[in-house]
Amino acid sequence: MMVSKMCRVGDENENESRRENEVYCDLGVNYLGGESKAKLIRVSHGRMKLWTLRIITTLLLWTCIIQLVAIGEVWGPRLLKSWPSCSSPPNFYIPPNLSSLQSTNHFPLKRVYENNGYLVVSCNGGLNQMRAAICDMVAIARYLNITLIVPELDKTSFWADSSDFEDIFDVDHFISSLRDEVRILKELPPRLKRRVELGMFYELPPISWSNISYYRHQILPLLKKHKVVHLNKTDARLANNGLPLEIQKLRCKVNYSALRFTSQIEDLGRKVVEMLKKNGPFLVLHLRYEMDMLSFSGCTKGCNTDEVNELTMMRYANPWWKEKIIDPEIKRKEGLCPLTPEETALVLTALGIDKNVQIYIAAGEIYGGERRLRSLSKVFPNLVKKETLLESSDLMFFRNHSSQMAALDYLVSMESDVFVPTYDGNMAKVVEGHRRYLGFKKTIVLDRRVLVGLIDEYREGSLSWNEFSSSVKEAHANRMGSPKNRVVISDKPKEEDYFYSNPQECLQMAKPL
């Protein structure tokens, strides 16, 4: 096939300012020796400009329509509901790798809203106390339509950990994964920084266990007036119950999705879990028998005179611990003391825990060291700690950073076959709730008040071993992390079930009998 193309350009009037160039093209086609009839196409520059304008206009219109559709997908549900739905956990899903690891980095679109001010928060306490507080502060910021500054972590308490937020959590993931809920900045804008430096802001500790109306009526007006408000206490500042469902679900979204540990912590946690799983099932024992806990609580069971004096002096020297005069025996009988290593060995044996199982001790330095662990290791010889599993070089960057070490224990606790805390502190409660979220993984919540009485009766000879063991099992038959409703005591929030130990609003569960 041969194609020939002939073009002729003619000018109609060279002196006229609005002349048109006309292009004449004769297209002739020869096909198998035959010649088709030539067609003459005439195109004026004026008409070309008109068609070009129409094409550009059409493209712009389509671009606007696409953008409006995208915005509609985000804002449509919000026009019908005041809150977007938050993610719920998969039904009884147990991930193959570390629970907190996320494989996707597809972040939601930013939420656009009129900003009512900037919230600066200083968290207090240990890692898990601060973790829960961060979840609360995000929920409050979302509800008040304000901008949250990445929370400051506690550096002045007993642990004296100098870690910043980004040393423990993946700060970029935290900001990006919540951008459909609330605007979060790493620091105040420069003009507001100057205001803060000049003292032009408002600072206060919010009231503990407050409901959302407190923040709407008391904190929001301060934000609108001063632009920057600093909350210098954050522990337990939001109620467990009586909050809108959307707030409860957002607390879960922050806790189980947005608060991801740094890759360094995640990688080391994965390494420990792989080492443990290689040798079969393992139990994590949160043995809260550390110096700070014993001094704070006044629990001195099994300690010698020198140790009792040391713990008492430490308590009196610590200005943050208000209770100074403590009767350790009364406190123990009320179930307010952590179990000792010796008591723990008895309880685990009575519960029927296999004596050859690996037991990972998730804790800091045990008070009394190997001497106090001897009775436990004699019954359960496969005791391990991060310090015995890992090389010293692995932990080099974690030493003197108690919160980072606690984060490592947190990850291992998530992946264990069984989790047993000997005291209901913040880590015990937050880990319990997280394991519920992951599909009600087995967590044995010890009833220390009952156990102390049974242990004393057994040691005094009032109970045989079989009677003791049967009583321990019976007392904990319904304390294995199975589905249940939170206990609500409206006038005593400290005594009711903690939201983060049983976030029932976020769980896929059958209705308890």
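C337 counts as buried, at 8% relative accessibility, where buried means under 20% relative accessible area, exposed over 50% and partly exposed in between, computed with a 1.4 Å probe on protein chains only. Its partner is C299, and the two form a disulfide with sulfur atoms 1.9 Å apart; a disulfide is here a pair of cysteine sulfur atoms within 2.5 Å. C337 lies in the loop between α11 (328–333) and α12 (341–350), while C299 lies in the loop between α9 (291–297) and α10 (305–317), so the pair ties together parts that are 38 residues apart in sequence. The helices named here are DSSP runs (H or I, at least four residues), as strands are runs of E of at least two, and both are numbered from the N terminus. C299 is also counted as buried, its relative accessibility being 5%. The torsion about the S-S bond of C299 and C337 is about -85 degrees, so this disulfide is left-handed.

All of this comes from a predicted model, in which local features need pLDDT of at least 70 and side-chain atom pairs count only at pLDDT 80 or more, whereas totals for chains, interfaces and linings use all residues. Residues are numbered from 1 along each chain as its sequence is written, and side-chain values use heavy atoms, with hydrogens and water left out.

By the distance rule, the count comes to 2 disulfides. The other link joins C252 and C506, with their sulfur atoms 2.0 Å apart. C252 belongs to helix α7 (residues 245–258) and C506 to the segment after α18 (465–475), so this pair ties together parts that are 254 residues apart in sequence. The link of C252 and C506 is right-handed, with 90 degrees about the S-S bond. When the bonded cysteines are counted along the chain, the disulfides of the protein follow the pattern 1-4, 2-3.

Some cysteines remain to be described. For C123, the closest cysteine sulfur is that of C135, at 9.9 Å, which is too far for a bond. C123 is buried, and its relative accessible area is 5%. C303 is likewise in no disulfide, and the nearest cysteine sulfur, that of C299, is 9.5 Å away. At 15% relative accessibility, C303 counts as buried.
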